[in-house]
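Hi there,

Here is the structure I promised to pass on. Have a look at it first, and my notes follow below.

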Number of protein chains: 2
Amino acid sequence: MDKKQIQERGSFMTDKKVIRQRLRMLRTAMREAGVDYYLIPTADYHNSEYVSDYFKAREFLSGFTGSNGTLVVSQEEAGLWTDGRYFVQAQKELEDTGIQLFRMQEAGVPDIPDYLRRHMWEGQRLGFDGRTVTARFGKQLETALSEKQINIVFERDLVDTIWQERPSFPCSRAETVPVQYCGLSVAEKLSAVRNKMKEEKASALFISRLDDLMWLFNLRGNDVAYNPVLMSYGFLTEKEAYIFLQARSLQRETLESMKEAGVVIRDYFSIIPFLREYFAPGPAKRGILFYDDRNVSYTMYRLFWAYGNCREGSSPVEALKAVKTETELSYIRKIYLKDSIAVTKFIYWLKQTAGKEELTEYDAARYLDSLRQGIPEFLDVSFPTISAYKENAAMMHYEATEKDAASLSAEGMLLADSGGQYLGGTTDVTRTVILGEIPQEVKERFTAVATGMLRLAGARFLHGCTGRNLDILARGPLWDLGMDYKCGTGHGVGYMLNVHEGPQNIRWRYEKNVPEAVLEAGMIVTDEPGVYLEDRYGIRTENVLEVREAFRTGDGQFMEFAPLTWVPIDLDGILPRQMPEREREALNGYHREVYEKISPYLTEEERAWLQEATREV
Amino acid sequence: MDKKQIQERGSFMTDKKVIRQRLRMLRTAMREAGVDYYLIPTADYHNSEYVSDYFKAREFLSGFTGSNGTLVVSQEEAGLWTDGRYFVQAQKELEDTGIQLFRMQEAGVPDIPDYLRRHMWEGQRLGFDGRTVTARFGKQLETALSEKQINIVFERDLVDTIWQERPSFPCSRAETVPVQYCGLSVAEKLSAVRNKMKEEKASALFISRLDDLMWLFNLRGNDVAYNPVLMSYGFLTEKEAYIFLQARSLQRETLESMKEAGVVIRDYFSIIPFLREYFAPGPAKRGILFYDDRNVSYTMYRLFWAYGNCREGSSPVEALKAVKTETELSYIRKIYLKDSIAVTKFIYWLKQTAGKEELTEYDAARYLDSLRQGIPEFLDVSFPTISAYKENAAMMHYEATEKDAASLSAEGMLLADSGGQYLGGTTDVTRTVILGEIPQEVKERFTAVATGMLRLAGARFLHGCTGRNLDILARGPLWDLGMDYKCGTGHGVGYMLNVHEGPQNIRWRYEKNVPEAVLEAGMIVTDEPGVYLEDRYGIRTENVLEVREAFRTGDGQFMEFAPLTWVPIDLDGILPRQMPEREREALNGYHREVYEKISPYLTEEERAWLQEATREV
């Protein structure tokens, strides 16, 4: 699944009167703090993909329950900015609250910096909790408001003073990842990071990306939904290593493993005083501080630049984390096989059941989840399971609820995009399952999607290629039909970590600030072209691929992909004559392997079905 | 042909004693000028692809006749840096001159900045003619030498004082291009450039690329071999436009057309005093000066930065020039057809003659040139015709001389890469012609090259793609065989201008400072994958393609290529079963069109042959 495909779980519907009262309380707090406009984004302190309840201040104050939105409040006005996925829902939830809806990206709708620049007066003060605003957005606000000499007050969380029953700050148990699961000790990883710091001539490295921190310190937690991470910060110098954690999360095991690696543990909330103290001797004494500007908060950014001697760049930890060790890969290959068995069993069950028994998208998702839960290493799903029938599959972010889920019948297609968190890896796989006869035109597109997926998977390329060089292999068959999908073709996948990670990806369009990394042996990426036709249907076929060395010739080191996913592609959607010979052979070869690898773990009925489902075409 | 494929014509072998004497004279001049080290590159004042005799100071002083080399002289030492193409030749030509050969890129060989940094003493002075050194290389020298407080003296051409019989400064007749040939008047072009200047917030634009200047002022000349350009500079402000030309080159026609467009003509050699005077009022009065840092000389760079308010970037003129007008395209299509007829006739002749009559590579090249000369619009070849037999074709830059040319027999392959300058366009085309039976393995590679060429030519892609997105289409069939060609797949082509132009290109590897432009309708690019096996053979198949809009759908504007070249691809090298169906169909479709377009212009024998040569496979 792609980031856009995610919608958040959980919400609390609130009475409009309560909302109006909360806004009044915020306005009182603003007057007391001398703040004219107050901004509340939807983010935690680490720019995580999901926010836990503690960070749902925007929802608390506006009643809007969507996963994306920013609230701006002044004494007279209040506005909420959200994207196209939520226009209808936000309209309903904001009714009678006095909050105006700003439909992002629509013609004539100002963005937030622009709105503030126009509405605020010379010399007024804009407030927000700088820990929940990215450095990048904060800089945009600075630029927009500098003309009017507007001051930014970022040190205080005003919502905290009025949110009586605020959920507690996320704090799960810290778990240590034994070296036999990841192949590298914390000491070895620290040494690799320090080598990268030397290359950058950095004396210190600040780390705030939670999955980077988990990887570096061989820790895991449960502070963010679907992401097995702990709220934490990290700070390295040539000699010292600090991790900032909540005392309550610590186990004796953690204390021991950190001590062994020479890592000093400090309290999570002491990061700012710690940095102030560290910087006190002044730039000349301290050398260059390096940090990743895509993730750091505005609060940290201001602190760093007050200090003065910084360099922004791509996190060296991210780059190291992306290349999986041989130990990790051996676990990953095993767990992807188990995950593929579950998904294959799901497809069999779905094909047998849909149209015969009462069944909704929601039921299908729960059945798939239950198959994963049956795997001994299972810990959690890696994102909310997408089970989208017919036109619902045209929405990349669709998540069926028990109440509103569509009923499945013996027609159309169900798109199932899902993954698991396991002891031994993080998975992600999509198959579009055909439940009845589909028109020829749909089959053509289904075939083009499969062709693209297989063409990229079968690429042979020189070392040095990035996803930009390869994207057209997956996208070309759709471009030939005059179609495009509005997202990347693939993303990196974590190891017992976030299902989305960088720096590698498969995309065609150059975007400033989106990193582009050379595909190195040991990286893993998804390969997921698709077709999305609004109000009609959606098709996506996704395998996860491992990058590996193919062979070296006089012309250089050639690379290739090897699939990690072993799930049949629904032949009911394939027009073999429309597939170029190479991809048809690749499909047959892939299906032969699927049968070989998966059939030993199936019942007799399932096995008979799989034989047919993986037949040569 | 690619830039690397070019070798220069003309040289003057010189007695070693004469060389040693010239070096003594230079050393005397250096002592008088207070210069400790003097550097002489191979370049004119505009970083042109070829240098005329006036600029062959390095050859004059060293006796080395290769097209690439830089000489460094001190009182005690002298060194010449050149690349792998010339190691053997340079070794021979430098013998007994006291000049040491530095083999560029070889292990342990310092580059020039490094050499100077190690050899020069604190406070010494390095001299060169700053007009012949690019700003980029000059900056590298500055960086390398700043530690040792070495001064750079760039204002004097010391060679001029000792070069008694220096060839005259190139000065050909200025020719005006009538609007009916290019579609846009000078006034219209100036207005388009000024719009781009506004976007860049630039008050002034300095132009030193000769083909940019020719395009902008609708002029042509003959001051650089194969490039129909005049030695010139340009300077634009919002209101004024200046062109700097040599008075002797001017025709009444030029004077009139410049006057009509409101362009002021100044003397070519007055550019530096002109700029000094222009800048005199100071930065605040003058606004931002914009220039293209890839082409400007070190002298200009120093002058601009003394002035202070500059911005470096890609030339707006280059970007405008690359998109051909409908008028230009209609001439280009016609001239490519005529050029294709000549090349097709050449292939027929070659296939009939080789092995039957005495014939060398050189003879073949001259015969091909003579066929082009028969076209009424012919002006010149657009680069030295490459006619390379067997293993000679493995050298991308090979140029046969009358004396050393290989004899052709009824075996192996001849690679012919050639093009013409015409009234109505500039052409470039490569075919590899099979003169006898070739092994199966060679046919496999020949087929892979043709497959790559056709796959790129048949691409359909969303607007926004650059060459980096598409390169794998041409290169992929070779990568599948574990082979690669060490150059780009394609380059832009001028209109009655340089055969190599930017900013678009087809390459896969990201290179800092190599521009990467979106492929726009009206651009033209070459498509020339190849195989180069040292001491064995070379294969290259090159068509020139026009970029055009294909269609627009809800998903965006789709683009495609249309061929401009109509020359058969030798079916004696093609294994139809090894070609994917799509490319085999494309080949057959292309050959049908070749026959339709070319056959009306052939003799009966030629036509019968062409029918067979374009048969369906």
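Before the strands, a word on terms: two strands pair if DSSP finds at least two bridges between them. Helices (H or I, at least four residues) and strands (E, at least two) are DSSP runs, numbered from the N terminus.

Two notes on the set-up. The model is predicted, with local features needing pLDDT of at least 70 and side-chain atom pairs counting only at pLDDT 80 or more, while totals for chains, interfaces and linings use all residues. Residues are numbered from 1 along each chain as its sequence is written, chains are lettered from A and ligands numbered from 1 in the order in which they are written, and side-chain values use heavy atoms, with hydrogens and water left out.

**Sheets in chain B**

With that rule in hand, strand S13 (residues 289–292) of chain B runs parallel to S14(B), joined by four bridges. Within this pair, Tyr291(B) faces Glu312(B) of S14(B) as its opposite residue. Both strands belong to an open sheet of six strands with mixed pairing, in the order S12-S11-S10-S8-S13-S14 (chain B).

Glu546(B) has Ala562(B) of S28(B) opposite, and the two strands make a hairpin with two residues between them.

**Where the chains meet**

The contact (heavy atoms within 4.5 Å) involves 26 residues from chain A and 26 residues from chain B. About 2,300 Å² is buried between chain A and chain B, with carbon and sulfur atoms giving 49% of that; buried area is the accessible area (1.4 Å probe) that two parts lose on being put together, summed over both.

There are six salt bridges between the chains, a salt bridge being a side-chain nitrogen of Lys or Arg within 4 Å of a carboxyl oxygen of Asp or Glu. One pairs Arg582(B) with Asp480(A), whose closest N and O atoms are 2.5 Å apart. On the side of chain A that touches chain B, strand S21 (460–462), helix H18 (467–480) and strand S27 (543–553) of chain A are the elements that give two or more residues. H18(A) supplies the largest share, seven residues.

**Backbone details**

The peptide bond from Gly502(A) to Pro503(A) is cis, with omega near 5°, and Pro503(A) sits in strand S23 (residues 501–506) of chain A. In chain B, Gly502(B) and Pro503(B) are likewise joined by a cis peptide bond, with omega about 0°. Asp96(B), a residue other than glycine, has a positive phi near 65°; Asp96(B) lies in the loop between helix H3 (87–94) and strand S4 (100–103) of chain B.

Happy to talk it through.

Best wishes
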